[in-house]
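Please have the sequence and the coordinates open while I talk.

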Amino acid sequence: MNPSPAIRKVFQGVATRQQMFRMFDRHAQRPNRWHGDAAPLYAGEWFEIGEVEHDYMFEILPPFWIRGSVFAMREFLTGSVTSVFFALRIDGVVRHFHGYCDLSDKGAVERMRVGIIERESRPLRAMTLEERLEHIWSTTADDYRGYAGDRWPEAVRGKRTLMFYGGKAGSTLKLLDDLTGEEIAAKLPVQLRRLSSPIAA
């Protein structure tokens, strides 16, 4: 089931507290939620949060561990995957991030730290195609997103779907990965469309 377990940014900008809590379980509607290993769905996902949200999460429960400016939550989401919070100095400014790391992999937290810094230190801030799709998935209401079920061809069952308004044709359900460039642009907020140049795909 998609997405791939690689380190990936799933939201553009700084998430509000409401957005943060909503993104903690972006895959709540997945088929067979209580069966199988969900770790690959979550491990590697990260997004930026504000300092207030970072500190709020630190104070909820005693952390599982603290290492410098990084701490892990003691409540695991699934298996050995838990929330890890980062305070990272990037271009001279301290910024705050949430990521899901599989703590059974001893190098996961450091790889995510390095990955976040590399991504956010790029001179070019254009969103990749994957980042555009993940942002759209993160910001779409649950009523308008889901997973391909039994009515879809077997090869795509379990893949993510979005309800898309097609004008005179009415609303249609489409695979997230099959959105056209125009459809992706229509789903992105206006301020993010300029960050979505074709060269970043």
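This is a predicted model: local features need pLDDT of at least 70, side-chain atom pairs count only at pLDDT 80 or more; totals for chains, interfaces and linings use all residues.

Let me begin with a question: does Arg-95 count as buried or exposed, and at what relative accessibility? Arg-95 counts as buried, because its relative accessibility is 17%, where buried means under 20% relative accessible area, exposed means over 50%, and partly exposed is what lies in between, with a 1.4 Å probe and protein chains only.

Residues are numbered from 1 along each chain as its sequence is written, and side-chain values use heavy atoms, with hydrogens and water left out.

Now to the partner of that arginine. Arg-95 forms a salt bridge with Glu-120, with the closest N and O atoms 2.6 Å apart; the term requires a side-chain nitrogen of Lys or Arg within 4 Å of a carboxyl oxygen of Asp or Glu. This pair links distant parts of the chain, since Glu-120 sits in helix 4 (residues 108-120) and Arg-95 in strand 6 (residues 93-102), 25 residues apart. Helices (H or I, at least four residues) and strands (E, at least two) are DSSP runs here, numbered from the N terminus. Glu-120 is likewise classed as buried, because its relative accessible area is 5%.

A search of the whole structure gives 14 salt bridges, and I will pick out a few. Arg-22 and Asp-142 meet through their side chains at 3.6 Å, N to O, and this pair also joins distant parts of the chain, with Arg-22 in helix 1 (residues 17-23) and Asp-142 in the loop between helix 5 (129-139) and strand 7 (145-147), 120 residues apart. Here both partners are partly exposed, because Arg-22 has 30% relative accessibility and Asp-142 has a relative accessible area of 36%. Lys-174 and Glu-183 form another such bridge, at 2.8 Å from N to O, and both Lys-174 and Glu-183 are buried. There is also one network, in which salt bridges with shared partners join Arg-8, Arg-26, Glu-45, Glu-134 and Arg-160.

Let me turn to the rings. The count comes to eight aromatic pairs, where rings of Phe, Tyr and Trp (its six-membered ring) pair if their centres lie within 6.5 Å, and planes under 30 degrees apart count as stacked, over 60 as edge-to-face and the rest as tilted. Phe-21 and Phe-24 make an edge-to-face pair, 5.4 Å centre to centre with 80° between the planes. Phe-21 counts as partly exposed because its relative accessibility is 37%, whereas Phe-24 is buried because its relative accessible area is 13%. Phe-71 and Phe-85, by comparison, form a stacked pair, at 5.0 Å centre to centre and 15° between the planes. Phe-71 lies in strand 4 (residues 70-78) and Phe-85 in strand 5 (residues 81-90), so their pairing ties together parts 14 residues apart in sequence, and both of these residues are buried.

Which residues do ring pairs link into a cluster? They are Phe-21, Phe-24 and Tyr-56. Tyr-56 belongs to helix 3 (residues 51-60) and counts as partly exposed because its relative accessibility is 33%. The charged end of Arg-17 sits over the ring of Tyr-56, 4.1 Å from its centre, a term that asks for NZ of Lys or CZ of Arg within 6 Å of the ring centre and within 35 degrees of the ring normal. Arg-67 is placed in this way over the ring of Trp-65, at 3.9 Å from its centre.

One backbone detail deserves a look: Asp-91 has a positive phi of about 55° although it is not a glycine. Asp-91 lies in the loop between strand 5 and strand 6, and it is classed as exposed because its relative accessible area is 58%.

To finish with the whole chain, there are seven helices and nine strands, and buried residues make up 46% of the 201 residues. Among contacts (heavy atoms within 4.5 Å) between residues at least 6 apart in sequence, 55% join residues at least 24 apart.
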